[in-house]
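Here's a quick tour for anyone opening this one for the first time. Have a look at the model below, then read on.

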Amino acid sequence: MGNGEFSSLASSIQAVASPFRQYLQDLHGKYGAVNEGAVADYIPELALADPNWFGICVVTTGGQVFEVGDCDKLFTIQSISKAFVYGLALEDHGRDYVNSKVSVEPTGEAFNAIVLDEATNRPYNPMVNAGAIATADLIKGDSATDRLKRLLAMFKRYTGRDHDVNVPVFLSEKATGFRNRAMAYLMLNFGMVTERIDETLDLYFQQCSIMVNGKDLAMMAATLANGGVNPVTGERALDERYVQDVVSVMLTCGMYDYSGEWVYRVGMAAKSGVGGGITAVVPGRLGIGTFSPPLDAKGNSYRGIKVCEDLSRDFGLHLFNVARAEHVLEDWLQGSGADGW
Amino acid sequence: MPKVVSIHSYRGGTGKSNFTANLATTVARQGFRVGVVDTDLPSPGIHNIFDLDLEKAPKTLNSYLWGEAPIEAAAYDVTAAAGVTGQGTLLLVPSSVKPDDIARVLKTGYDVKLLNDGFRQLVKGLELDYLFIDTHPGLSKETFLSIAISHVLVLILRPDKQDYQGTAVTMDVARQLNVRKLLLAINKAYSSLNQEVLKQKVEEAYGAPVAGIFPLSEEVVQLASEGVFCTRFPDHSISREFMKVASQIMEG
């Protein structure tokens with residue numbers, strides 16, 4: 001016994017049978033029945049999503065994977081990409097240079113606001129569209145293809161599998177992204193982005209159109225929670241030095257203009273996307289990935305927020321929690337399948 | 001709290017289904033609500049012992065796994081067929097014997113997570129005290145799952161070398177999966193064997209208790225797959241042996 005294949009199968013079966021997965025199953029039942037929010041429809045491709053799709057996945061830093069519901073269903077990553085591309089920009093240029101181009105202040109403005117810091121002309125943070133476009137501009141590469149391939153390779157390091165761009169979504173985003181185009185030219189005017197502006201905008205629209213599933217989002221968060229190393233493949237996805245940078249901006253700016261309330265209520269570094277995904281990091285412990293297309297008024301997945309609220313409260317996962325939680329996470333993760341009948 | 005009991009043997013032909021049927025019936029006779037699930041999807045059979053005509057039972061475990069019906073809809077009351085009288089209830093979830101359905105299972109498999117969720121739904125929805133899982137012989141994902149969620153695992157073995165070795169492998173798996181309670185049952189023991197010596201040797205070899213020893217019996221063979229032995233011959237020594245195993249499952 002004890003060889004790798006056997007242990008890995010045993011571990012996956014234990015995850016299926018564990019009390020923690022049962023907890024997630026109950027959560028899935030509880031919120032699956034709630035029909036709040038509306039599917040994003042600013043481009044027709046997104047409006048095709050079924051509001052009933054709902055997946056919850058948790059990956060621990062020990063590499064255990066807990067999946068419930070539609071965790072394999074593919075959707076476009078949208079704004080969740082921003083956090084991870086920011087990490088690559090930091091690796092490409094270092095902290096000081098990246099900071100000189102994009103600030104790290106929450107805005108309180110909507111994600112697509114055309115607003116720059118008046119004193120420095122920098123976009124407020126890498127999670128709003130302006131900041132994300134400036135960040136995409138920083139991605140190194142010899143050609144447009146090369147830059148996209150570097151992004152796709154980066155996501156593969158986080159998730160452990162290959163990714164593609166959804167071409168219809170990319171083309172729709174590109175055809176309708178007037179606001180983003182306006183912002184890019186405004187930044188060009190202030191010298192905050194380079195002149196390869198069309199190429200960068202394409203790259204930005206492509207990064208938003210990368211296909212992921214709920215399990216990928218959990219794996220990406222777990223990789224950040226695990227210091228930048230994918231806990232299942234063991235591959236490093238992000239330089240250890242920059243993990244805290246990425247996680248910090250996720251915490252302060254990741255949930256659009258709901259970020260303050262999110263930190264107060266849930267207390268996890270997280271990023272959401274209009275495709276219906278949320279990725280949430282609990283450093284040193286686990287990553288959460290949720291997928292449910294209906295969005296609330298702030299543009300965050302309605303069910304995804306509820307799931308994170310419950311997990312945070314029941315297992316004491318809030319960043320600043322010092323009180324005793326109702327459930328001890330480790331007991332629930334490692335408990336036997338015979339518990340909790 | 002409800003208890004889940006998996007009955008497994010490493011190799012086929014150990015009399016696993018017959019054993020499961022008799023054990024579940026014995027427990028039901030004590031006044032409990034007992035469910036039996038046939039997870040032997042590639043080679044189902046336990047429905048015959050409970051005399052359930054699958055022509056008249058359109059829903060099966062397969063229907064649930066393929067999302068066609070809730071698992072409770074595939075549970076059939078076999079209390080009377082098993083000869084259980086009094087308070088107890090016996091419910092069976094059979095697997096499909098249709099060649100197309102078996103082929104579909106073999107070809108596309110199914111999501112083992114669904115099996116786990118189905119077991120829990122069944123226990124909750126039908127308010128079961130005990131759930132018996134009749135497994136497919138050998139080791140597979142489904143067997144791993146059944147072992148992982150069981151409060152009690154009963155391993156059946158015959159006194160021969162192939163069974164001994166296979167059982168040792170299964171025991172390793174069970175320990176890795178942190179099974180709570182492990183019982184061994186020896187079936188088809190030759191009457192020439194000294195039962196006490198056999199029990200002692202097996203317990204020493206595996207470090208687990210032998211809950212019962214069942215002789216190679218012509219009577220059982222004759223009645224095999226037709227009705228449940230322990231309610232037909234409640235005073236027979238074999239029925240008493242089943243009672244012995246049942247009390248070890250019910251205790252604690």
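Let's start with one residue: Asn129(A) counts as buried because it has 22 C-beta neighbours inside 10 Å (buried means 20 or more other C-beta atoms within 10 Å of its own, exposed means 12 or fewer, partly exposed is in between, and C-beta atoms are placed from the backbone). This is a predicted model, in which local features need pLDDT of at least 70 and side-chain atom pairs count only at pLDDT 80 or more, while totals for chains, interfaces and linings use all residues. Residues are numbered from 1 along each chain as its sequence is written, and chains are lettered from A and ligands numbered from 1 in the order in which they are written.

**Around Asn129(A)**

- You'll find Asn129(A) in helix 6 (residues 129–137) of chain A; helices (H or I, at least four residues) and strands (E, at least two) are DSSP runs, numbered from the N terminus.
- Setting aside neighbours within four places in sequence, Asn129(A) is in contact with Phe111(A), Asn112(A), Asn180(A) and Met183(A), where contact means C-beta atoms, placed from the backbone, within 7 Å.
- Ser143(A) is 14 residues from Asn129(A) in sequence, and the two are 23 Å apart in space, C-alpha to C-alpha.

**The two domains of chain A**

- Chain A splits into domain 1 (19–78 + 210–334) and domain 2 (82–208), with bounds from an automatic or database domain assignment.
- Taken over C-alpha atoms, the centres of these two domains of chain A are 22 Å apart.
- Where they touch, domain 1 of chain A puts in 33 residues and domain 2 of chain A puts in 34 residues.
- On the domain 1 side, helix 12 of chain A gives the most, with seven residues.
- That side of domain 1 has 17 nonpolar, nine polar and seven charged residues (Ala, Val, Leu, Ile, Met, Phe, Trp, Tyr, Cys and Pro count as nonpolar, Asp, Glu, Lys and Arg as charged, and the others, Gly among them, as polar).

**Where chain B meets chain A**

- Here 21 residues of chain B are in contact with 13 residues of chain A.
- Helix 5 of chain B brings the largest share of chain B's side, six residues.
- By class, chain B's side has 10 nonpolar, five polar and six charged residues.

How values were computed:
Contact = placed C-beta atoms within 7 Å.
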